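Dear colleague,

I am handing over the structure below, and after it I set out what I found on going through it. Please read the notes alongside the coordinates.

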Amino acid sequence: MAALLLKRLTSQSIKTGNNCISRCLGRCILHETIPAQRSLGASVPRLSSWIHAKAFSTVADPQDERKKKKRSEPAFNSIGRKIHERVIHVLDEAGNDLGNMHRADVIRLMNKRDLRLVKRDSGTESPQYQLLTGAQIHKEQLRLRELEKANPKAGSTLTKELSFSSNIGQHDLDTKSKQIQQWIEKQYKVQITIKKGKNPEEPEQKMEEICHQILQTMPGLATFSSRPQPVRGGKAVMCVLRHLSKKEENAWREAQGTQKGDTLNKENRNNQESDVVHQ
């Protein structure tokens with residue numbers, strides 16, 4: 001009887017222990033599963049949030065990047081073998097029209113004849129390109145640079161500004177004149193503003209005379225872009241100096257040569273007259 005009772009107690013204890021273990025394991029599994037489900041749900045954004053984030057994304061649009069690259073590309077340069085268009089209009093190195101060609105055919109022709117591809121006109125329906133040698137590209141780049149130097153774009157000239165009083169000393173004026181000359185040699189325009197001095201006996205035309213005095217220190221180099229004129233209600237005079245153009249430089253040299261010739265002729269006549277008197 002005692003043995004039977006002991007057996008029943010042992011069986012109940014085992015069942016109770018198993019139930020406790022099951023409940024503990026179930027709680028642990030539940031605690032581990034719920035955060036995992038929450039984190040999984042949090043990691044998957046809702047569609048509306050994804051659309052909103054994409055609409056206000058700071059990542060650059062590839063099309064915008066292409067536009068920036070096109071603007072920054074040199075005016076005349078080889079594009080390599082990266083031809084974005086499928087069909088392009090092609091000219092050969094002699095200027096002959098090869099018509100529309102598939103980019104694969106163009107690349108094969110480039111490899112076969114060791115040529116480079118240069119964009120000529122992107123405004124047409126089929127963008128126009130030309131096949132050129134490296135020497136031809138270099139020669140054309142030099143020509144374009146020389147043309148740009150000879151014909152600078154309007155508004156590209158920078159302007160330097162300088163302001164001082166009309167009672168400036170001669171040494172300081174010479175220093176400022178040298179500074180202005182350096183700017184003029186670098187193709188800058190120079191805006192000079194001369195303020196009226198505090199001396200009441202100062203002549204009214206002194207400010208304008210200083211402008212002319214500065215210009216006279218740069219013969220054959222500079223001229224007035226804007227002649228001296230009163231500003232600030234007559235309390236100052238402003239002028240703008242600029243570099244002489246090529247045509248103006250040539251005219252100045254010719255005038256100088258004519259003046260020298262006239263001077264030499266006059267000296268020769270004076271010498272001849274002197275010789276006649278002595279005879």
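**Surface, fold and cores**

The protein exposes about 21,500 Å², and carbon and sulfur atoms supply 52% of that area (accessible areas come from the Shrake-Rupley method with a 1.4 Å probe, and for residues only the protein chains shown count as cover). The model is a predicted one, in which local features need pLDDT of at least 70 and side-chain atom pairs count only at pLDDT 80 or more, while totals for chains, interfaces and linings use all residues. Residues are numbered from 1 along each chain as its sequence is written, and side-chain values use heavy atoms, with hydrogens and water left out.

Eight helices and eight strands are present in the protein; these are DSSP runs numbered from the N terminus, with helices being H or I of at least four residues and strands being E of at least two. Of its 279 residues, 20% count as buried, where buried means under 20% relative accessible area, exposed over 50%, and partly exposed in between, with a 1.4 Å probe and protein chains only. Among contacts (heavy atoms within 4.5 Å) between residues at least 6 apart in sequence, 56% join residues at least 24 apart.

The largest nonpolar core has 22 residues, of which Phe-164, Ile-180, Ile-184, Ile-192, Ile-214, Met-218 and Leu-241 touch the most other members; such a core is a set of buried Ala, Val, Leu, Ile, Met, Phe, Trp, Tyr and Cys residues joined through side-chain atoms within 4.5 Å. At least two residues of this core come from each of strand S5 (159–165), helix H6 (170–185), strand S6 (189–195), helix H7 (206–216), strand S7 (222–231) and strand S8 (236–243), and H7 gives the most, with five residues. A second, separate core of 11 residues includes Val-106, Leu-109, Tyr-129 and Leu-131.

**Individual residues**

Leaving aside neighbours within four places in sequence, Ile-184 is in contact with Val-190, Met-218, Leu-221, Ala-222, Leu-241, Arg-242 and His-243. His-243 itself is found in strand S8 and counts as buried at 15% relative accessibility; not counting residues up to four places away in sequence, His-243 touches Ile-184, Glu-185, Gln-187, Leu-221 and Glu-249.

Leu-98, placed in strand S2 (residues 97–102), is partly exposed at 34% relative accessibility, and beyond its neighbours within four places in sequence Leu-98 has contacts with Val-90, Leu-91, Asp-92, Leu-109 and Leu-131. The C-alpha atoms of Leu-98 and Gln-130 are separated by 9.5 Å, although these residues are 32 apart along the chain. His-84, by contrast, lies in the loop between helix H3 (62–72) and strand S1 (87–91) and is exposed, with a relative accessible area of 63%.

A search of the whole structure for aromatic pairs finds zero, with rings of Phe, Tyr and Trp (its six-membered ring) pairing if their centres lie within 6.5 Å, and planes under 30 degrees apart counting as stacked, over 60 as edge-to-face and the rest as tilted. Lys-160 does lie over the face of Tyr-188, at 5.0 Å from the ring centre, the criterion being NZ of Lys or CZ of Arg within 6 Å of the ring centre and within 35 degrees of the ring normal.

With best wishes
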